[in-house]
Structure formats: C-alpha cells, structure tokens
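Please look over the structure below before reading the notes.

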Amino acid sequence: MADRDKIQILKDALYEAARDHGSDQRLFTQRDLLDMQVIPQDNIGLLMQVIQILCDEKLFVGNTTASGLSWRWRSREDAKKYTSLPNSEIMMVYAMVDEAGADGIWNRTIKNKLNMADSLMKHCIKYLEQKGYIASMKNVEHPNKKMYIKANLRPSDRATGGPWFTEGELDTAFINELQEIVFDFIKQKSTYTSHGGGAGVPGVGAQGGGAQQREKNPKKGVVQGTIPHSEDISKGTKRSAGEISNDDTAAPAPAKKTRPGKPQLLPLPAGYKSYPTVSDIAKFIHHAGITNNTTLSEADIQQLVDVLYYDGLVEPVKVNGRKGYRVTRIPKQDPRTCNQRRLDHDPTKGGIVTSFMGVEPSASGLMEAPCGRCPVYDMCEEGGPVSPSNCVYFRRWLDGDEVQEQVISI
Amino acid sequence: MAVIKEKAECCTLLVDELYGQLPARVYATLFQRGKLSVRLISQFSKLSARQVKNGLCVLQQHNLLFYSVDANSGEAEYSVNHEYAYNLVRTGKILEMVDNSYGPAGRDVMQNLLLLGQTRISDLVAAYQAKINEVNNDDAWLNDKKPELAIKSKAQLNSVLCRLIEAELIDVIHSKTFQSAHEIEKQVHREVMDVYFSNGIKGTKAKIEFEQRVAEGLRKVREESKTLKRKLAQNGGASKRRKLAVGNETNGAPEEEEDLDPALDPRQVIRINYEKCIVELRSRRLVQYVNETLGETTGYVYGQLLKQLTKNISRCKSDPLIDALTPEEKVTPSVTTNEILDKVKTSIDLTLGIGKIPSKSISKSAAERLTPLAPKDKIPFMNQDDSDDDEEDGDYSDSDEEMDTKKENGDAPVARMSRPEQLRQHLLLLAEGHPGFVRHCGEDEWTVDFKPLMENLRATELDSIIEQTSGRQGLRLIRILRTKGKLGEQALQSLSLMRKVDLQQKMLEMRLVGFAHTQEVPRDNKADPKKSIFLWYCDTEQAYSSLIAKCYATMVHCLQVLEVRRQKDKDVLSLAKRTNVKGKEKDMMRDESYARFAKFLKDERLLMAEMMRIDDTLALLQDY
Ligand code: SF4
C-alpha cells in the first residue's frame, strides 16, 4: 500500500518535472527522465512502473524512435478527454486526430491505419464531434477530402493555404486589392512626378525648384504639331507608314512631351538608394492597417511582389546590394492610383479594362493584323475553305472603319 | 540554307508585287527546286527560255540571285538570295531612315538605287544630269512651276554618295557579290588548301591554322565591297570635313565642301548594303524601346550614342566563321561622353526626363559602377534578376556612405549640373537595371552589348505578344515557367496566386496556341497515365520560330488580300493609269470611281504599313 502511495507521489512529481523541462512536444528518453532526480537511486524498474501509470492515465504519450523509446507529456485537460472516452476505438480515433495536429487528418487515413470498419469509424467520429473534441476542416491542398482536426486547434497555414485563402478558397478579390495597393506604393516610391508647373516628389521630399524652372521656358522652337505616337498606341489605332517615322532618332521628339498642366512620371536617376524593398512594402502594409484580420509576413509580401514581377509590372533594381523595386515603362505609367483610375473610368467609353494596374502591352504589328488573333489561322490557305481572299476578318479590318466614316460624313 | 515555306512564299509575293509576274514565277521555281540552270528553270516553270532570261535579268539587276558556273557542264546556275528578297519589305523604312540622317538628297539617291538596282556610278550621274538639265532648261517650265530637285548638281550628288558610302549604306559590287556564302566558303577553302596545305591537314594545330586562314580569306572577300569606303578614308576627306561641319549633317554638306570630296570612280557599280541598313534600323528600334521604358530625352541621348557606336559596325550578327576569333569587345567599340556630347543638338534640354532628387538619396558609387567586361553568356532566362554581382556588394556600401556624407554638406539639395553631367545622368540611367541598354565600361566610356541586349528585347517582344494573346495572367504563368523551369500544377498555382480552375483554363488555352507545353512523367514503370505527374514548361526558342513563321504568313496574307482587292478594282485602276487621268484623278474620274480608287489606295497604304509593322517584330526576332 505504501508502495502505491509512493508511486502516486512519484508519478505526480515526474509529471511536473517533465512539464518543467520542456513543451508538450519535447521527447524525453529514459535517461532524461532519470536525470530529473525524481526517481530515487536511478531505479529503472521503478521508473518504468511510474511511466506505465502515467501512460495509462494518458498523461504521458509513448513514442518509438530510432534511438529507442521516449515519451512526452500531455496536459491534464487533454488527458481527461482521453480518459472520459467510453471505449478504446473512440480513443484510438481521437489519438490519431490528436497526432495529426494542425494539419488535420483525412478520415480515410484513419480508417486504413486502424483497419476499422467504415460504420464503426463513422460512429466514433460522430461521437467525438458531438462531444466537441474534434471538428471537420477544409484543406486547400485536398479540397475534396473530408478532414478532421482537434477542435481547439487552428488549422495550419499549410492546410488553410496561408493568408491568401478564405475558407479554403483562394481569395482573388483580396489578392487583387492588395496587389493594387502594393503596385501603387511601388509606383509612387520609384518614380518622380513632374507636374506642369510646380513639382512634388512624393516620398522623397518635395524638391520642385528645378522642375518649375524648366517648365517656364519650353523649347518652342522644336515643338512639332504631331501627336506623340504613344497616344496612338494607347488608342489602339493603326499607324500609317508616315507616322511610324515620327519616332525617329533624329526628330527633336523629347521636347514634345512638355505639355504644361499634365502630371507625368519620370524615372529617378541611376543609383537612387530608396527604391522600396520588400520589407519597406511589408512595413507600409502593416502600418496602413489594410489587413486587419490577417498578418502578412515578409514572405507573403515577397510572393505578391513576385507575381507583380511575373506580370511584368515591376522590376528589381539592385543598388549596393539592396534589392528594391520599381515600376516598368515609367513614362507610360498613369500617375493616378489604380483606384482613381477605376473611378475615372467611364465604362460607356470603349473596351473592357481587365486591370487598372500598369500599362497596356505595347502594340506589336503582328497582333494588329487580323491574322495575329485569327481563330482559324492554322487552316487558312489560298484554295482552302478559309483563305485570305475570302477572309472576313480582313474585310472587317479594311472596310470596317470606312463604313463608320461614311456614317460620319452623312 | 533551308528556307521556311512561309518565307519563300513571302519573298515570291514581294517580287511579284514589285517586279511583276514573270520574275516572280522564275523566283518561285528557284525556291522550290534550289539551284537551277536556265534550261531547267524553263522546264520546271513552263516558261520559254527567253522569258526565263528576261526574268532572271530583272532579278539579277536587283541582286536577288546568286549564280555560279557549274564546272562540269559550263552552264550558269542560279539560286535565290532570299535575304535580299525579303529586305524589299524594308525599303520604306530604310528610306525614312536615310531621309532623317542624310536629308532628302540622300533619300532621293537611295530611292533611285532601290528602283534601279545595282548601278554604275557613271550611269547614275548621267541620269541625274539629264534631270538637272531638264529642270534648268527654263523654256520647258514657262507655265508650270519648276519642280524642286533634291539633287541640284553633280558635285552634290558626288558628295551625297560619298556620305552614304562612308556610312556603308552603299557598297560596291565585286566579283564575288553574286556567289552565295556557301560557294564563297567552298572556294576559300579550296584556295587555302592549295596554297598552305597541299599535303593535307594533320593534327589539331594545323586544323586551327586552317580555320584561321579560311576566316582571313573570307574576311578579305567581305572587305572587297568596302573598297570605295577605304579609298575615301585614305583621302582623309571624312575627318577634314567633320571638323568643318559639326551638327550640320542633316542638311547635306554646304556648297564649298562638296569640292573637298574626291570624285568617285565612275566605273564602279554600287548597290544598297542592306546589312548596314539593318544595323541602322536596329538602332532606331532600340531608341523606341528606350522611349517607352525610360523616356524620350533619354531615348534621344541613346540614339546619339548608338550613332557613334555603330559607325564601324557593319552587321548585326557576327558571322560564326569569320568573327569567331575576334572577341565581342573588339567588334563593338566604345564611345566617350564627350564624343556623344559633341553630337547632341543644342536645342535639347537634357535636364528633362529624369526626376530631380537631392543628391544624398543617390548612391554615387553604385550609379558610377564600372563593368569593364562584357557579360558572359548566361543560360537565358534563368534567374536573371539575381545577377552575379552579389559578392562585391559589401565593399561598395561602406565607401558609399562615406562619399555620401561628404557630399551632403557641400551640395545644395538639387545641384545645378553642368551639361556634360546632365548627359551622364541619362547614360548612367541607361546603364542601370535590367535590359542593359548601355554598359559603363570605363571612366566616361560607354558601350553596348548587343547580343544579350537583343536577347532581352526579344523576350520583351514575346512577352508583349503573349500578354496580348493570353492576357496578363497568361504572361504571368509563362514568365514563371521561364524563370523556374518545369513545374507541376501545384507549384505553379502557389507561385501564381491563381485559382485552380482559372489556372487550368489559361494553361490549356496557352497550350493550344503553342506558348506552353506539357510533359508526362510516369510515377512508376507501369506508366499509368492516371497516376502520372504532368509538368508544364515553355520552350522559348520554339515560340520564337513559330512567331517568325506566323509573321511571314501574315505578310503573305496581306499581300494576297491586296492582290484580291487589286483584281476587284481592276477597271478603276487601269483608268487611273491613263496618262490623261494620272495626277488629276479627282477631276477626271466619276465620283463613284474615284471613291473606289481612293479606297483602294487607302487599303494599299494600310496593308503596306501593316507589313512594315509586322516586319518590326520579325526583324527583332530574327535579324537584329
Ligand atoms: S482567315 Fe483571314 S485573318 Fe485568319 S489567317 Fe486567314 S487571312 Fe488571316
């Protein structure tokens, strides 16, 4: 009897000692436990007795590793859940869900591992769910699998897919919104806004003196009456051969752009030290408090910036080993923010705008011609069912605008 | 020398368009059958020998043929010079370019050379003389207004020709001009063998020597077309004149200077040198890119830099045989800031186009960093953004801080820069960052590594075509594959942040157009397709070649559509050709006819312009 009391005391002492020595993830070997100086005289037999009782009470969990047996402790609360379970099957199922941790476990895995009948397993799960011990969850990697997780755990990032997922679905609206914000931030920080007249330098401290001066005396002598071809491109109109020549090297083109009153983005000088880095962007996002209920790590932001890079919207610039980002094709960028552009956009005027970020791709001759986008290009051949001589796309392309013209002239 | 079908078709139609049906038929036959004698051409094309000869004559005149004499039969055999034939589509652009750099007089001469084909200088002079006489004969112009001539005197003509020859835009016909590169190579091989290796080549050393000698021989042949240029250089004319006429080039040389030019040997036969023209066109294209990415002032500066730099660059792509032994650095020279400054028009305000920020936010050392060596050939597209300069970075940042703090005290936030410094700002901006427009190769020395630069721009062009075809998300996926290599769907999804359904749909769509491909990797040796892993990848080279084919095909379609329209409006067009109608179409024709005529002209212009635009893409993809 005394023995049993003694063991009871030792048991509690060992449990507390183990708790003091590490988290519930730490594995203790036999040696570790003996070294805690709880068991008198390094009595292995006694230790094993104590451990056995702890395991029976679910306070210790045994583990077999390559180096032999080891144990970790489990909280009393959790242990109580185990001991309250009515039978061993339910206990085994619960153990498996418990083991799986924050990643959750597929019900088929439970069934196969325990070699259990379907109905029995279902019964166990139902019992555990009703008790509120486990809950079903969604895993983005396997959206069609029925997964379970311990009810008091939050699913891991791997299971939820990280901050980009909401309830197992990729939250594209959220991503897009955030991308626009990041893009606007990079755009603002990596360019210089030249206003017609005064100039402000967002982010780098307003230094408008130089700009102001040069706007006052535009080089009238070289201003030509031609439209800069950039506008042609943005309108998507075809250019004639004559117009092509306008973007020539020798033409005094540079001065043409100095139209007063229109803000325009300019590149910053080489060696600019403050192109925003990923951590700058992360800080900005954090302080702006845009993402209240999700915290975004730098890695998450990097992912976002990478996508912008793949989209050809931003490019990395390395200055002294510091990798910052700037927007591409700066002179073509719209100085307005994405949101502003969306507000200003008049849907009745012209085509579908898929994105308010960045610039339209530069027009290429091939894509302007009907064949560039032709759905039957592969079959088209003189003498075939579709051929240039009976081509409707070309007819529309050549005659289409004439029809319009006639309407106008009437 | 395989020519893709689309190109052959395109060249034939171009010949048809410009020189008529007969030469085109001969040309088509040559494309189909390769090297042929007159007899065989006539047999295959069902044309009479006389007709064939007529056709060949026209083609020969315009340098569209190679010929060689077969040693056995003694018959001349002809084959196509398809590069030249294709260049016909570029004539418009070339004329524009010459007009801009050499003024209307240069353009006029070039245009005549284009129309006449290769021409003896004396003939050209005579033709111009006749025209000049006609205009100067006052009696003939009593009623009409005297037309303004681009070339007003023989001396001016001579001077213009000298300029064009110096620029290599015109070169000289020599004995080997009409031999294909392959023939010439064979011949040089034979000669080298006969002279130096009569006992055969033994050992690797001899082999290397042999290759060198062949390269030398080939180079000599290539140089032969530059005889006139060399003669001019010996005369010292160019440098003398340059001193006198800085910044005056576009107006043609002023009167007194024309006399400084040596008279050209009237017996020489000259032609347009397309190789060099393409170099000029490439420069124009590069400037366009800079205009788009950095701004027009910087673009202008870049244009001036390229003008200086390409003076001695004769061709865009170095010949693998001849130039293999000369490293790239030697091929591409460098220019100094001052050389560029001398050419920048005084009306250009160089302070425009770059943001103004206090100098303390700029790292001088990073901006001014020199890169003396050309980049090594890297595996294209793999991790381009992480360039190899990481190691050095540490050293730089230290010294940098020092410099910056020193600067801070003295300088006003935005210092007024001297003009050379303003110019350097643009050059430094060009040197920084991704496409590598310029390399800062020495203190105030600048050069351009054309090969990697063009490779980057090719990718940019492909990107913009992908974006126009498959949207931004398509572009995103392709660029991921290009940087990361082959990827499974899961990985692709997490990198692209796209929804699975969207991703699958986009990828399938792009597989159909040939931008993306799949590879099946079986999980075990049973190769059960249900269990296989599918990897996505993109093949950029293949994408280029299919785009090139598409460009040619589209041009063919343009020409065919044009022909159809011409047939449709045949009656009106022939009416417009009548001498009493010509020039006064609007008054002479009935309204309805005139409307049709005008519409046809408009369509023709549109189609031709479109072809030139397509050529922009094509040239970038394969020629620059
Ligand atoms: S059908 Fe018309 S648009 Fe399509 S490839 Fe043929 S010619 Fe071009």
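Why is the site around the ligand shared between chains? The site is shared because residues from chains A and B surround the ligand. This is a predicted model, in which local features need pLDDT of at least 70, side-chain atom pairs count only at pLDDT 80 or more, and totals for chains, interfaces and linings use all residues. Residues are numbered from 1 along each chain as its sequence is written, chains are lettered from A and ligands numbered from 1 in the order in which they are written, and side-chain values use heavy atoms, with hydrogens and water left out.

**Ligand site**
- The residues around the ligand include A:Cys371, A:Cys374, A:Tyr377, A:Phe394 and B:His557, where a residue counts as near if one of its heavy atoms lies within 4 Å.
- This shell has eleven nonpolar residues, one polar and no charged; Ala, Val, Leu, Ile, Met, Phe, Trp, Tyr, Cys and Pro count as nonpolar, Asp, Glu, Lys and Arg as charged, and the others, Gly among them, as polar.

**Strand β6 of chain B**
- Strand β6 covers residues 269–272 of chain B, strands being DSSP runs (E, at least two residues) numbered from the N terminus.
- B:Val269 and B:Arg271 point one way and B:Ile270 and B:Ile272 the other, and all are buried (under 20% relative accessible area, 1.4 Å probe, protein chains only).
- In a regular strand the side chains alternate between the two faces of the sheet.
- β6(B) pairs antiparallel with strand β4 (residues 119–120) of chain B over two bridges, pairing requiring at least two DSSP bridges; B:Arg120 stands opposite B:Val269.
- Strand β5 (residues 170–172) of chain B also runs antiparallel to β6(B), joined by three bridges, with B:Asp171 partnered by B:Arg271.

**Domains of chain B**
- An automatic or database assignment sets the domain bounds, with domain 1 at 5–80 and domain 4 at 454–538 among them.
- The centres of domain 1 and domain 4 of chain B, taken over C-alpha atoms, are 45 Å apart.

Note on methods: Buried < 20%, exposed > 50% of the residue type's maximum accessible area, 1.4 Å probe, protein only. Helix = DSSP H or I, 4+ residues; strand = E, 2+ residues; numbered from the N terminus.
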